[in-house]
Amino acid sequence: MKTTVAVFFGGRSTEHEISVISANQAMHAINRERFDVVPVYISKQGHWYTGDALFDVKNYRDTKALLANCEEVYMRPIYGDTNLYKVRKPMFGSDVLRRIDVVIPVLHGANGEDGTFEGFLEQCGVPFAGCNTLASANGMDKITMKQILAANGIPVVAYEWFTDQQWHSDRDAIIERVEKNLGYPVIVKPANLGSSVGISAAHSRQELVDALNEAQRYSTRLIVEHMIKNLKEINCSVLGDADEYQTSVLEEPIKSGDFLSYEEKYLGGGGGSKGGVKGAGAKGSRRGMASSQKKFPADLPDEMTKQIQHLAGETFRVLSCHGVSRVDVMVDDDSKQIYVNEINTIPGSLSFYLWEGSGISFDKLMERLVALALKRRRRLETKTLSFDQNIFAMSKGNGVKGAKQC
């Protein structure tokens, strides 16, 4: 029998559309002779839908018409129940639509890549590809991630962080701290978003204020980083689990400004920008991260290539990652110092193009993700999660004498 693979995508995130693109790429890459593919689209309002119309990215131009041709579904948060249920229960027969064997989440950004969805899957007990709740949360939050990496000797740029409430109540002190410890220029980011959403460069105090006012629209936690002036950005994908993984070839994205913008990543630069790609727009969007302009493979000395691959692997390891991730590093072209910038635990396009350049085709990458999900499930089943004894049945009275008070 074929393995039924449910691909979840969309979601309540500023990266909703990018998730749709990545998921469609992934679903079309899955070998249908070995797997049954079930698309599960999560709307911007948080409702779940499935149906064959979800396989065609052109249908998302009219979401209302698209969803009219789909079935609204849900899962029950009961351990061991891996069924997909119909919201509209039939008068006769079962409300079970499909039984799911493996889930592949392709949910970029908040409410998906940050561990919230992974926690739900763990509650259901359904095998899934990718990082678990803890690794997803740590990888998504740029502050927590940098703290973990620095504690394990992985180089990160100097930074300051604070909450949006601190920014509102004590902005003068924060500005002074940033100027004293970092100086200008700096990069301002929401702590828990990807795809360059809410990110700005600041070269002066007024630009810093404007950038933080923009970033706080998206997150309660904010981070300001020292900006490397002569910067080279390099990306490396990692595949496997924290104990056994491999790294991909490297790429150098081409940016037109201080950092790689949302448009350059997913629309090929758009608007005739320097980072533009022929055929951008609808066609370029369908290609996702693969459409952005880049040097591939990155033109680097062999020793630096190996060092970056090592740091990418160590980042994956110390964050206890699983599945496929992409680690973005920064090279200071003046000092040649390498810094880990961030990890994307559900990378755009699942970084398939980096793996194709490493000798693993997209369909084989998807097979590896399914295999990794099932392998993790087998390992978890060997662990003790509860005890058979009932301490209440062991007591002679109505209570447990000397029991620890909750």
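Predicted model: local features only at pLDDT ≥ 70, side-chain atom pairs only at ≥ 80, totals over all residues.

User: Which element gives the largest share of the largest nonpolar core?
Analyst: That core has 39 residues, and those touching the most other members are Val7, Phe9, Tyr41, Ile104, Leu239, Leu350 and Met366. Elements giving two or more residues include strand E1 (3-10), helix H1 (16-29) and helix H13 (362-380). The largest share is seven residues, and the element behind it is H13.

User: How many residues are in the other core, apart from that one?
Analyst: Among its members are Ala135, Ile154, Ile234 and Cys321. This core lies apart from the largest one, and its count is 26 residues.

User: Within what arc do the buried residues of helix H8 fall?
Analyst: H8 spans residues 205-215, and its buried residues are Leu208, Val209, Ala211, Leu212 and Ala215. Seen down the helix axis they line one face, because they fall within an arc of 165°.

User: What covers the buried residues of H8?
Analyst: The cover includes helices as well as strands: helix H6 (164-169) and helix H7 (171-181) are on the list. The strands on it are E8 (159-163), E9 (186-190), E10 (200-202) and E11 (221-226).

User: Is Ala202 buried or exposed?
Analyst: Ala202 sits in strand E10. Leaving out residues up to four places away in sequence, Ala202 touches Tyr184, Pro185, Val186, Glu207 and Leu208. The cut-off for buried is under 20% relative accessible area. Ala202 comes in at 0%, so it counts as buried.

User: What is omega for the cis peptide bond that joins Tyr184 and Pro185?
Analyst: Both residues are among the contacts of Ala202. Pro185 lies in the loop between H7 and E9. The bond joining Tyr184 to Pro185 is cis, with omega at about 5°.

User: Where is Pro297, and what is omega for the peptide bond from Phe296?
Analyst: Look in the loop between strand E14 (294-295) and helix H11 (302-318) for Pro297. The bond from Phe296 to Pro297 is cis, and its omega is near -5°.

User: Is Ser351, with its positive phi, buried or exposed?
Analyst: Ser351 isn't a glycine, yet its phi is about 55°. You'll find Ser351 in the loop between E16 and H12. Its relative accessible area is 0%, so Ser351 is buried.

User: What's the relative accessibility of Lys336?
Analyst: Lys336 has a positive phi too, near 65°, and is found in the loop between strand E15 (322-332) and strand E16 (338-344). Lys336 counts as partly exposed, because its relative accessibility is 47%.

Technical notes:
Residues numbered from 1 in each chain as written. Heavy atoms only, no water. Buried < 20%, exposed > 50% of the residue type's maximum accessible area, 1.4 Å probe, protein only. Helix = DSSP H or I, 4+ residues; strand = E, 2+ residues; numbered from the N terminus. Arc of directions from axis to C-beta. Contact = heavy atoms within 4.5 Å. Core = buried A, V, L, I, M, F, W, Y, C linked by side-chain atoms within 4.5 Å.
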